[in-house]
Amino acid sequence: MLKIDNINTFYGKIQALKNVSIEVSEGEIITLIGANGAGKSTTLMSISGIVPARTGKIYFEGQEISSLEPDQIVGLGISQVPEGRRIFPNLTVRENLDLGAFLRKDKAAIHKDLDMVFELFPILAQRRHQAGGTLSGGEQQMLAISRAIMGRPRLLLLDEPSLGLAPLIVQQIFEIITQINQENKTTIFLVEQNAYLALKIAHRGYVMETGTVTLTDTGANLMQNEEVKNAYLGV
Amino acid sequence: MNYFTEVVLSGLTRGSIYALIALGYTMVYGIIELINFAHGEIYMIGAFTALILASVLTIFGFNTIAILFLASIIAIVYSAMYGYTMEKVAYKPIRNSQRLSALISAIGMSMFLQNYVRIAQTSDFLPFPRIIPRFPWLSALPISMSSAQFMIFASTAVVMVLLTFLIKFTKIGKSMRAASQDKVMAKLLGVNVNKVISVTFIIGSATAALGGILISSYTGQINFYIGFLAGIKAFVAAVLGGIGSIPGAVLGSFVLGLTESLGAGYISSDYEDVFAFIILAVILIVKPAGILGKGQIEKV
């Protein structure tokens with residue numbers, strides 16, 4: 001479904017990604033784990049077209065997307081929940097969700113999805129008229145995921161959904177992620193520092209170090225891998 | 001009618017015009033954090049275009065109402081195109097450079113447009129035709145309001161209502177608010193931020209041009225320089241209200257307009273223009289974020 005073919009991405013003169021290649025098949029949950037600054041977020045930003053790769057190509061369902069604008073990429077069915085959630089603080093919860101469906105025109109289906117999101121996260125329904133900035137961290141993460149779902153993506157990119165949240169909330173968020181994958185048939189590309197949780201729900205995983213993919217295997221195998229255990233699982 | 005009402009009425013007239021210009025300043029600032037110093041020139045170009053069109057239409061023998069509407073609408077559209085082009089030519093290519101570059105580009109654009117009009121037209125004051133017809137029913141009102149003043153109040157009110165509706169409830173309005181809060185996130189949701197910026201310039205230029213046309217038919221004369229002072233004062237109004245805030249710009253404009261009129265009417269008309277800058281100095285000392293502006297908290 002998604003094929004990242006040997007991309008190199010730079011911030012000015014600094015190279016953030018070196019010859020990165022990743023493949024994601026339809027229906028999968030794949031995870032990209034690695035330390036701070038390894039280039040995980042940059043990988044997602046390159047897919048979304050915010051920080052385009054300087055060389056190399058990215059294909060989505062056979063179509064090259066590495067030269068497209070961010071809004072065109074969203075239009076093809078790739079949504080991202082970026083790191084830090086990036087809720088619009090002065091817009092209400094409802095307006096944040098409406099913006100998630102910005103490119104859609106099917107009003108009836110949008111309404112149905114809104115109901116679905118409110119069912120998934122009842123707290124958002126309660127707070128729908130409240131400004132996004134007044135929500136707690138966990139609620140903002142729920143809103144950020146819901147906003148992305150409102151775009152009905154076929155591929156959902158999630159960047160550090162567990163960041164700064166209480167363990168109980170993290171548990172809940174990860175359950176929802178699995179649910180979205182199974183019930184909506186949404187393919188998921190999950191970037192996480194919490195390697196244990198990520199590998200537990202992922203079908204396959206990639207390990208990234210200083211801008212390069214160093215290891216790839218199934219989630220279960222990576223959990224047993226000695227290097228991964230030592231470096232990321234803390235056992 | 002007593003003197004006080006007259007002074008207040010003239011203050012509200014000024015305030016309305018400042019508001020029409022300040023909207024463009026504040027909307028552009030809200031989205032790309034640029035003080036578009038060439039914004040006042042759009043106001044001047046709007047007035048000039050309307051003058052030329054009104055003269056041509058008069059030669060062709062159109063009646064007053066037709067001239068008013070045709071000249072205004074064409075001039076507004078034409079000025080909006082100027083605003084659109086200005087952004088594409090002077091600001092878009094340097095959007096990712098330092099903020100100072102864009103500011104200098106804006107000042108350059110302002111000088112260019114002023115001198116372009118000076119050369120293409122004239123540096124003398126030109127009489128502006130009274131394109132607003134007399135409304136006889138206005139004399140039935142308890143206060144004496146000229147038809148130009150009535151037109152200014154009515155148009156400003158309509159623009160404010162339309163703009164509020166546009167920004168609060170329409171899709172483009174929501175994407176404008178989103179882009180002003182977080183451009184990257186807006187892009188990640190499929191908002192074409194370039195288009196949003198263009199629309200902002202188009203709307204701001206259209207309201208400024210409307211202001212230019214209205215005030216010129218009220219004062220009855222224009223030259224290439226009218227945009228400069230009006231632009232600076234509208235800028236003061238926008239800062240006074242809190243730059244980036246639309247209700248703030250409107251409030252700031254009326255505060256400024258009333259202060260100027262009351263100051264000129266009761267203290268001295270020689271210092272009319274000085275009041276605007278006294279207000280600017282005071283607000284920058286007392287409340288730098290403006291009346292309705294939110295102070296930015298820098299998180300470390």
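Which side chains meet in a salt bridge at 3.1 Å, N to O? In this predicted model, where local features need pLDDT of at least 70 and side-chain atom pairs count only at pLDDT 80 or more, totals for chains, interfaces and linings use all residues. Residues are numbered from 1 along each chain as its sequence is written, chains are lettered from A and ligands numbered from 1 in the order in which they are written, and side-chain values use heavy atoms, with hydrogens and water left out.

The pair is B:K174 and A:D98. Between chain B and chain A the count is three salt bridges (a side-chain nitrogen of Lys or Arg within 4 Å of a carboxyl oxygen of Asp or Glu). The contact (heavy atoms within 4.5 Å) takes 23 residues from chain A and 17 residues from chain B. About 1900 Å² is buried between the two chains, and carbon and sulfur atoms give 65% of this area (accessible area, 1.4 Å probe, lost by two parts on being put together and summed over both). On the chain B side, B:Q181, B:L188 and B:L189 lose the most area to chain A, together 34% of what that side buries.

Residues B:L166, B:I167, B:K168 and B:F169 of α5(B) meet B:K171, B:I172, B:G173, B:K174 and B:R177 of α6(B).

Notes. Helix = DSSP H or I, 4+ residues; strand = E, 2+ residues; numbered from the N terminus.
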